[in-house]
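Biologist: I would like to learn how to read a few features of a structural model. Please take them one at a time.

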Amino acid sequence: MAEKEKLTIVLFSGELDRALSAFMIATTAASMGMDVSMFFTFWGLNVIRKNEGKIRSKGLMRKMLNFMNRGGSKRLKLSRFHMFGLGTWMMKKLMKELNMPSIDEFITMAQQMGVKLVPCSTTCGVMGLPEDAFRSEVASLAGAAFFLNEARQSKVALFI
Amino acid sequence: MAEKEKLTIVLFSGELDRALSAFMIATTAASMGMDVSMFFTFWGLNVIRKNEGKIRSKGLMRKMLNFMNRGGSKRLKLSRFHMFGLGTWMMKKLMKELNMPSIDEFITMAQQMGVKLVPCSTTCGVMGLPEDAFRSEVASLAGAAFFLNEARQSKVALFI
Amino acid sequence: MAEKEKLTIVLFSGELDRALSAFMIATTAASMGMDVSMFFTFWGLNVIRKNEGKIRSKGLMRKMLNFMNRGGSKRLKLSRFHMFGLGTWMMKKLMKELNMPSIDEFITMAQQMGVKLVPCSTTCGVMGLPEDAFRSEVASLAGAAFFLNEARQSKVALFI
């Protein structure tokens, strides 16, 4: 049996529009029969963080960082025209009108389609994010070597 | 006959500097004999929109979005040092001095070299952009499956 | 003897977080036995510019550009939460606490591991950056054709 073609995405950005782009590509690839991994690093970790609950991180600096950088799919902003929330709200409305999935729905869909959602262990360490900061759809933390191993077996690897 | 090596670029960004980077890579690849596709999504659609003419989109929100997000190669800004237009103007001047193509010239060159310029149908739908919002060099709209199909046959695929 | 697998990275961004991401991936790949090239263009050139010394560029516009756009690893800012330097300072502190390399250390490490660090000759021309604006670890300038040649022989190519 032929092996499945692979797609690997690094999601570095925590912006709504880039996250949507990443999930559109990931779920389309999965529906085409590709084997998909998504690796979340830096602000991209915000996309797969829980919307509720508080992080108990050690040290004043991590507490400050996590106070400012709350995370969670509901807090993502557009990279342009956020306009204190108005632009982001409009974009979500327009997408709903066309029956497009929200980020929450994309995450559930992706996991059901077998897309692996992997947080970067190194940036989690720096930011003080424990494994239970992430949603239930998310797999265990892994490092850059994991990503590179996936990427070099992939037909397509994208940094978003 | 050996098949041509392929390059596929997603242009997500609507910034002058990223667009220039994308077109430099695309036209250089074409001149090296590669078969190149560029897929434009989200703010990247602005790069290949007509400079003149108004979009007639349906609904108040799309009208507002298209009022703010005008599009067209002449309206692109640098991601840094735009400085109310001064920095962007300077960058264009410096490039002209070195006989480098403008975005307009890059688009024409690219099309003449056989580069396919494809707008993303899904984001066009969300933003209310009809097919005639785009310049004459641009091909028909297509979805993420088109991009993935191109990308998985490509030696190099970049998300810009 | 089997040839080494290759990784090629374009670093377009001059932000601390994206530069860190690029160097983490590059050095991890090198430690896994991959052959790595990094190609620096636009604001990414700032990452490998010397921290000291002044650029003597020709023409008023290039002088202005280089006055604003100083470059050097010590001047990189986070893409988010820079907060007049406080956020960037905190991120550096947190990374140091975990014994992670700084950008300076990453550049030296990368070069010692055989990673090629190549500035884009075209953007150097536009910005008026001479070859001696760059650190000693950096290789000679090269154009987009060099990058494409590396990329098409690579298992993985990323635009960051």
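Predicted model: local features only at pLDDT ≥ 70, side-chain atom pairs only at ≥ 80, totals over all residues.

Biologist: What percentage of the contact residues of chain B recur in chain C?

Modeller: Contact means heavy atoms within 4.5 Å. The figure is 9% for chain B in chain C, and the copies use different surfaces. Chain C is superposed on chain A by a rotation of 120° with 0.0 Å of shift along its axis, at an RMSD of 0.0 Å. Here, 9% of the contact residues of chain C recur in chain A.

Biologist: At what angle do helix H3 of chain A and helix H2 of chain B pack?

Modeller: Two packed helices are described by the angle between their axes and the distance between the axes. Helices (H or I, at least four residues) and strands (E, at least two) are DSSP runs, numbered from the N terminus. Axes are lines fitted to C-alpha atoms, for helices over the stretch in contact, and angles run from 0 to 180 degrees between N-to-C directions. For H3 (residues 86-97) of chain A and H2 (residues 60-68) of chain B, the angle is about 130° and the axes are 10 Å apart. That makes H3(A) oblique to H2(B); angles under 35 degrees are roughly parallel, over 145 roughly antiparallel, 65 to 115 roughly perpendicular and the rest oblique. Residues making the contact include A:Trp89 and A:Met90 of H3(A), and B:Met61 and B:Leu65 of H2(B).

Biologist: Is B:Met68 buried, partly exposed or exposed?

Modeller: Buried means under 20% relative accessible area, exposed over 50%, and partly exposed in between (1.4 Å probe, protein chains only). B:Met68, in helix H2 of chain B, is partly exposed at 26% relative accessibility. Leaving aside neighbours within four places in sequence, B:Met68 contacts A:Phe81 and A:Met83. A:Asn99, in the loop between H3 and H4 of chain A, is exposed, with a relative accessible area of 71%.

Biologist: How many aromatic pairs are there over all chains?

Modeller: Rings of Phe, Tyr and Trp (its six-membered ring) pair if their centres lie within 6.5 Å; planes under 30 degrees apart count as stacked, over 60 as edge-to-face and the rest as tilted. The count over all chains is 21 aromatic pairs. One of them, A:Phe23 with A:Phe106, is stacked, at 6.2 Å centre to centre and 20° between the planes. A:Phe23 lies in helix H1 (residues 16-31) of chain A and A:Phe106 in helix H4 (residues 103-112) of chain A, so the pair ties together parts 83 residues apart in sequence. Both A:Phe23 and A:Phe106 are buried.

Terms used. Residues numbered from 1 in each chain as written. Chains lettered and ligands numbered in written order. Heavy atoms only, no water. Least-squares fit on C-alpha atoms with pLDDT ≥ 70 in both.
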